Amino acid sequence: MTALLESPVRVFVVDNDRDTTECVRMLLEIWGHDVHVANDGELAVGQAPRINPDLMMVDLGMPRVDGLEVARRVRQNSDLNHTSLVAVSGYADERHRELALAAGYDEYLVKPLPAQDMQALLDRVRRRVVKSKQLAALAADAVRRSQERKAKSLDAPEPALCERATGRPVTLRKSGISDVLSLSDRAAAERLREWLKGRSCRVGPVFEQERGQWAFFNYSRRQMRSVIADNEEFCVTP
């Protein structure tokens, strides 16, 4: 976590005043950040996807494509959703602040920006970057877990093979002179019933004994435990 908090921020400074961009570039590079500049709004919009900045500091009052339009276009690019957009403008009135936030800026700062305010901004962006990376890691971990569960389900033996290996449980209880055989699956109950009929056992129809439990009567006097022992798919529970 400490390494992430102290990591450099990738900053894209956009201002048509070259002196301003160069001064900000020099200061941020001295502080150890990765800095890119553009002196034209149209150029900035085109370069932003390639630079993939953590922070874009954009002047509002630029000719041709102003800072408001830059924000609108950047926000249309889903690949830049993580980028913090900060308007840095000479306009200090509330109207320009509202216009900037409506265009998609996260913050609105007024020039000239003191060094301590710049440091505070970069710290806020670092925290956003850390949170973004944590969320991305959580999402990647969720995808990995989902893929592992899917792979395990694909590698698992087919249910029928498992049942033959372990024996599908059959509950056997006496009811007068008859036996009641109960299973948790109707299709399995039908299979066992037909198998017993093929061995000359007198068995009744399958009925729903209770929710999720299917049963049928055995009216023959044969010992069901001994008969079912010859069937690899089923086993009588103790």
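## Briefing: N218 and the overall form of the protein

N218 lies in strand β9, which covers residues 213–218, strands being DSSP runs of E of at least two residues and helices runs of H or I of at least four, numbered from the N terminus. The model is a predicted one, in which local features need pLDDT of at least 70 and side-chain atom pairs count only at pLDDT 80 or more, while totals for chains, interfaces and linings use all residues. Residues are numbered from 1 along each chain as its sequence is written, and side-chain values use heavy atoms, with hydrogens and water left out.

**Surroundings of N218**

- With a relative accessible area of 0%, N218 is buried, a term that means under 20% relative accessible area with a 1.4 Å probe and protein chains only.
- The side chains of N218 and S220 are joined by a polar contact of 2.7 Å, that is, a pair of N or O atoms within 3.5 Å, one able to donate a hydrogen and the other to accept it.
- Beyond its neighbours within four places in sequence, N218 is in contact (heavy atoms within 4.5 Å) with S178, D179, L181, C201, R202, V203 and M224.

**Overall form**

- The secondary structure of the protein comes to nine helices and ten strands.
- The radius of gyration is 36 Å, well over the 18 Å that the globule rule gives for 238 residues, so the protein is more spread out than a compact globule; the radius is taken over C-alpha atoms, and the rule is 2.2 Å times the number of residues to the power 0.38.
- Along the principal axes, the C-alpha atoms fill a box of roughly 105 × 35 × 30 Å.
- Of the 238 residues, 39% count as buried.

Technical notes. Buried means under 20% relative accessible area, exposed over 50%, partly exposed in between (1.4 Å probe, protein chains only).
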